[in-house]
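Hello,

Here is the structure I promised to pass on. Have a look at it first, and my notes follow below.

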Amino acid sequence: MKQLFDDVSFKCSKIVTKNYSTSFSLAVYMLSPSIRDAIYSVYGFVRFADEIVDSFHGYDKEDLINDFEKEYYKGIDRGISLNPILNSFQQTVKKYNITDDMIQSFLKSMKLDLIKSDYNSRAEYDDYIYGSADVVGLMCLKVFVDGNDQKYNQLKDEAMRLGSAFQKVNFLRDLKDDNLILNRNYFPGVDLNSFDEKAKKAIINEIEEDFRVAYQGILKLPIEAKFGVYTAFVYYKKLLKKLENTPCHEIGNERIRVSNYTKAGLLAQSFVTYKLRLV
């Protein structure tokens with residue numbers, strides 16, 4: 001029966017989330033059960049697209065991402081896809097009215113990773129981040145507000161800033177792989193071969209401002225979403241602090257991580273803060 005296939009599809013998206021990102025999976029688990037599956041499906045979609053352009057070396061990545069896009073639109077038209085990740089995502093898109101411009105902006109940024117190595121202007125940088133991260137925040141916000149357009153418009157800017165902050169932290173954390181393996185430099189005006197404390201500080205200050213604005217939006221989120229989003233916020237703030245305290249040459253030579261022990265402590269801290277209604 002179709003319902004069984006749909007249930008399996010959402011479980012597949014959950015498995016993808018848990019296996020690719022323990023931190024994001026933990027944050028999703030802190031959401032209300034009523035919206036977890038939808039967020040898993042969003043993550044599954046964006047993760048598979050990202051893996052195609054970042055990880056599937058030795059294969060025709062352009063062909064793969066184009067097929068992925070075509071199969072998504074077939075699923076949208078038919079109301080079903082035999083790819084379980086696309087099947088769950090197309091249901092979420094329809095249920096929460098995720099607009100096609102978001103999908104197109106996201107796929108545009110993913111395809112840029114196949115042809116573009118350097119982002120030489122602020123406009124190029126902002127455009128890439130909008131497609132790769134801001135619209136993902138907007139997709140999630142569509143789920144969080146459950147069709148309330150007034151609430152969506154009220155929180156739209158903050159959701160984008162949170163997506164930007166997360167992406168920029170990822171750029172800084174992944175500096176080694178992006179530079180040495182994928183030959184990419186997302187930061188305009190920054191020479192990664194002579195990356196120094198001044199350049200790092202400028203990036204961190206920019207991220208801190210994104211976090212400051214985004215936090216105001218977290219305070220206004222519906223109860224179903226607030227704790228989960230706050231958990232992710234606290235984790236990324238901790239990762240940013242660790243990057244700030246790590247010498248530049250180490251960031252360029254290894255991937256900086258937050259230990260599982262520290263993650264557990266952050267979760268406990270977030271829970272206490274949330275229960276005391278400090279957020």
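M1, L4 and V8 make up a nonpolar surface patch with about 360 Å² of accessible area together. Patches here take residues with over 30% relative accessible area and no salt bridge, joining like charges within 9 Å and nonpolar side chains (Val, Leu, Ile, Met, Phe, Trp, Tyr) within 5 Å; areas come from the Shrake-Rupley method with a 1.4 Å probe, only the protein chains shown counting as cover for residues. V8 sits in helix α1 (residues 2-20); helices are DSSP runs of H or I, at least four residues, numbered from the N terminus.

Please keep in mind that this is a predicted model: local features need pLDDT of at least 70 and side-chain atom pairs pLDDT 80 or more, while totals for chains, interfaces and linings use all residues. Residues are numbered from 1 along each chain as its sequence is written, and side-chain values use heavy atoms, without hydrogens and water.

Now the salt bridges (a Lys or Arg side-chain nitrogen within 4 Å of an Asp or Glu carboxyl oxygen): the whole structure has 21. One of them pairs D54 with R184, with the closest N and O atoms 2.7 Å apart. D54 is in helix α3 (residues 33-55) and R184 in the loop between α9 (175-181) and α10 (197-218), so this pair ties together parts 130 residues apart in sequence.

Best wishes

Definitions and conventions:
Helices (H or I, at least four residues) and strands (E, at least two) are DSSP runs, numbered from the N terminus.
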